[in-house]
Amino acid sequence: MIKAVARSYGESMSFTTDDLRRALPAPAARSGETGDRAPREPTVLAWAAPGLPDPQEGHSHWARGQNFCLAHTTLAPGQAVTEIGVPDEHLVLLPHEGASITVTTDLGPAVLDQPGLVIVPPGASSLVSDRQCTVLRVFTSRARGIADRTQNAAAYAHPDPAVAPLPQTPRPPGRPPRVVRLAEIPRDPARLGRILRTDSLMINWFPPQDGPRDPDKLSPHVHEDFEQASVTLQGDFVHHFRSPWTPRLSEWRPDQAVRCASPSVAVIPPGIVHTTRAVDEGRHDLIDVFAPPRADFAALGWVLNADEYPDRTAP
């Protein structure tokens with residue numbers, strides 16, 4: 001059985017009866033400013049080839065949305081990657097076993113020796129690994145100079161008015177880096193994925209899936225006022241995209257089904273109906289990124305570290 005939630009311009013959100021996202025409110029109608037315009041097109045970037053070499057950055061692939069920037073970086077043993085003057089918190093994710101990373105800041109160090117993440121405070125930081133590994137770093141687009149490194153920077157020469165702005169975030173006082181280990185997060189069938197946040201960012205790190213996704217249990221849905229980045233870390237995926245029709249035939253687009261190997265990223269703008277499915281055998285690992293943090297996830301109690309942001313229950 002499928003539940004469909006009608007939208008104001010003829011599209012739908014469809015979830016199976018056992019999908020927790022049925023509890024989320026239907027998206028509001030698009031504003032008059034954006035309601036009759038075609039949304040920005042989605043972007044899929046493959047990261048399987050070696051990234052750009054940089055003595056300060058290892059080998060990195062960079063991508064962005066309007067409010068967030070992503071770096072998929074291969075670290076050499078002992079090589080330090082530094083950032084200076086980052087204005088708000090960012091994330092460093094270690095997806096795989098076998099390496100130990102250390103993040104050093106003015107407020108102290110943090111060591112992560114298993115899959116998980118570090119929430120890094122504003123300011124300067126240094127990242128080093130004891131052996132070759134890959135990490136995913138997530139910043140806001142406020143980080144000076146970082147947005148200019150991204151492969152798709154030109155797509156954001158003009159802001160998308162449909163995207164909600166980042167919150168005006170004060171610098172958190174005296175908060176050292178915090179470590180979250182995935183092994184310490186208990187599985188909870190009443191909670192969607194593993195959702196964590198910073199002052200301005202949110203991720204949902206889904207539990208790994210073995211084998212392909214059931215094609216009869218997809219979840220086409222749409223976001224009206226924020227972008228989503230879906231980062232594939234392991235496995236093969238197909239991203240499905242549908243653009244709504246507008247009054248102008250020239251803006252109509254065919255549906256897309258984009259197959260990609262890992263690692264890769266899909267940046268999905270507001271207004272695009274989308275769903276992603278794992279294909280083929282083996283392990284599949286996926287992370288969604290949002291900015292600003294989603295108030296609907298917080299309202300349902302799905303944010304694991306919500307108590308660290310008691311004054312930030314909504315963007």
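Predicted model: local features only at pLDDT ≥ 70, side-chain atom pairs only at ≥ 80, totals over all residues.
Residues are numbered from 1 along each chain as its sequence is written, and side-chain values use heavy atoms, with hydrogens and water left out.

Let me begin with the sheets. When I speak of strands, I mean DSSP runs of E with at least two residues, numbered from the N terminus, and I call two strands paired if DSSP finds at least two bridges between them. In general, strands of a sheet pair through backbone hydrogen bonds, either parallel or antiparallel.

Strand 7 is joined to strand 12, residues 123-129, by four bridges in the antiparallel sense, and here Val-81 has Leu-127 of strand 12 as its bridge partner.

Also in strand 12 we find Val-128, which is partly exposed at 25% relative accessibility; by the rule used here, buried means under 20% relative accessible area, exposed means over 50%, and partly exposed lies in between, with a 1.4 Å probe and protein chains only. Val-128 and Val-81 are 47 residues apart in sequence, yet their C-alpha atoms are 6.5 Å apart in space. Contact, for us, means heavy atoms within 4.5 Å, and, leaving aside neighbours within four places in sequence, Val-128 is in contact with Gly-78, Gln-79, Ala-80, Ser-100, Ile-101 and Thr-102.

Another open sheet has three strands in the order 20-19-22, again with antiparallel pairing. Strand 20 (256-261) and strand 22 (273-279) stand at its edges with a single partner strand each, so one side of each has no neighbour in the sheet. Neighbouring strands of this sheet are turned by 20° against each other on average, direction ignored. Strand 19, residues 236-242, pairs with strand 20 over six bridges in the antiparallel sense, and Val-238 stands opposite Arg-259 of strand 20.

Now to the interior. A nonpolar core is a set of buried Ala, Val, Leu, Ile, Met, Phe, Trp, Tyr and Cys residues joined through side-chain atoms within 4.5 Å. The largest such core has 29 residues, and those with the most contacts inside it are Leu-70, Leu-93, Leu-117, Ile-203 and Val-265. Among the elements that give two or more residues to this core are strand 6 (68-75), strand 13 (133-140) and strand 23 (283-290), while the largest share, three residues, comes from strand 18. A second, separate core of 14 residues includes Leu-75, Val-103, Cys-133 and Val-135.

Strand 6 is largely enclosed by the rest of the structure, because seven of its eight residues are buried. Eight bridges join strand 6 to strand 13 in an antiparallel arrangement, and Cys-69 has Phe-139 of strand 13 as its bridge partner.

Which polar contacts does the side chain of Asp-285 make? Asp-285 lies in strand 23 and is buried at 2% relative accessibility, and its side chain makes a polar contact with the side chain of Trp-205 at 3.3 Å. A polar contact is a pair of N or O atoms within 3.5 Å; within protein, one must be able to donate a hydrogen and the other to accept it, and residues adjacent in sequence count only if both atoms are side-chain atoms.

His-223, in the loop between strand 17 (209-210) and strand 18, is likewise buried, with a relative accessible area of 5%. The side chain of His-223 makes a polar contact with the side chain of His-274 at 3.4 Å.

Finally, the cysteines. Cys-133 is buried at 9% relative accessible area, and Cys-260 is buried at 8%. Taking a disulfide as a pair of cysteine sulfur atoms within 2.5 Å, the count comes to zero.

Technical notes:
Axes fitted to C-alpha atoms, helices over the stretch in contact; angles between N-to-C directions.
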